[in-house]
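Let's walk through this one together. Have a look at the model before reading on.

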Amino acid sequence: MDTITLTKPDDWHLHVRDGAALAQVVPFTARQFRRAIIMPNLNPPVATTEQALAYRQRIIDAVPIGAEFEPLMTLYLTDNTPPEEITRAQDSGQIFGVKLYPAGATTNSQSGVTDLDKCTQTLAAMERVGLPLLVHGEVTHAHIDIFDREAVFIDEVLTPLLARFPALRVVFEHITTAEAAAFVTAAPANVGATITAHHLLLNRNDMLVGGVRPHNYCLPVLKRERHRQALVDAATSGNPKFFLGTDSAPHSRSTKEHACGCAGVFSAPTAMELYAEAFDAAGRLEALEGFASNHGPDFYGLPRNQQSIRLERREWQVPADYPYLGETIVPFMAGQTLTWMVHG
Ligand code: NCD
Ligand code: ZN
């Protein structure tokens, strides 16, 4: 197979930031994807329907003329999100999920949830109307090792949550461990998961051997090789619970190459090429369309896209950087050779 044509894919987990950054990052996603679930971790967070609708318009204003791209908005869950906000979100027709950031887990999570018990009525409302909870699945306790935080989250938070709200639709975002892949596989059909391209392609050696590689640092952090292999198995299995979410998370070069560097991999410019690379390496290119184009809309209850996208087997080099906020941003695998290229 030297050319593959797929139903146009969607990105079910994406950060595009705000202000001047939008015009610099939205075009990359709009070129490859028809829709994307937009993460609400701005500062201040996108916590109300009104804020989400205003943010949606700013994103639409950044879509290049001629591109067909639709942002699917989310709300940022806080300790104080009232159940009425869920009704407003659902009635708007533009909000497709509510994001749970455990307070302190990642970039701009300081307004996140400190105790899920504070959200009982709001979660009940979500379960009732069918609005999915999108979960950053890591505990934040200082005594839990960073490599164990996802597995502990499953036992301490996710399992009890689903016991209390068995019909709640949950997307376990950017899973990184064999434990998470097994949990989602065994869960009922209202539980799905997104998987990033970088967690399919790299393990933690790629971040730490031969010098620290800040551009491979993200949260949840890369794990050991056996976890990467479990993620590849899950993504390429054809199981409809697993779907594409890049977690492309732009940070400028100076904030990544820093004594306390930001977490986030900027993969939007080469997203589909990276997934093609990972599926090809597993000998499972035929499973790419389900993962990238079908399972996500099916889970969210949205129509599959009508358009298509073509990938060609052709070597090319990822640019060293792109302009960003008056300086530069370094894309994932900068300067390296990829063997797939999105056509057009
Ligand atoms: C994300 C960001 O920068 O907004 N960073 C990351 O490493 N993935 C936040 C997140 O999704 O955890
Ligand atoms: Zn993210």
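Predicted model: local features only at pLDDT ≥ 70, side-chain atom pairs only at ≥ 80, totals over all residues.

Residues are numbered from 1 along each chain as its sequence is written, chains are lettered from A and ligands numbered from 1 in the order in which they are written, and side-chain values use heavy atoms, with hydrogens and water left out.

Start at the zinc ion (ligand 2). Its protein donors are His13 (NE2), His15 (NE2) and Asp247 (OD), at 2.0 to 2.1 Å. Donors here are N, O and S atoms within 2.8 Å of the metal (3.2 Å for Na, K and Ca), and as water is not among the atoms, sites may look incomplete. In sequence, the donor residues run H-x1-H-x231-D. His15 sits in the loop between strand 2 (11-14) and helix 1 (20-32), and Asp247 in the loop between strand 9 (242-244) and helix 10 (253-256), so the pair ties together parts 232 residues apart in sequence. Helices (H or I, at least four residues) and strands (E, at least two) are DSSP runs, numbered from the N terminus.

His15 counts as buried because its relative accessibility is 8%, and Asp247 does too, at 5%. Buried means under 20% relative accessible area (1.4 Å probe, protein chains only).

Now for ligand 1. An oxygen atom of ligand 1 lies 3.1 Å from a side-chain N or O atom of His15, and a polar side-chain atom of His251 is 2.8 Å from an oxygen atom of ligand 1.

Conventions: Buried < 20%, exposed > 50% of the residue type's maximum accessible area, 1.4 Å probe, protein only. Polar contact = N/O pair within 3.5 Å; in protein donor to acceptor, adjacent residues only side chain to side chain.
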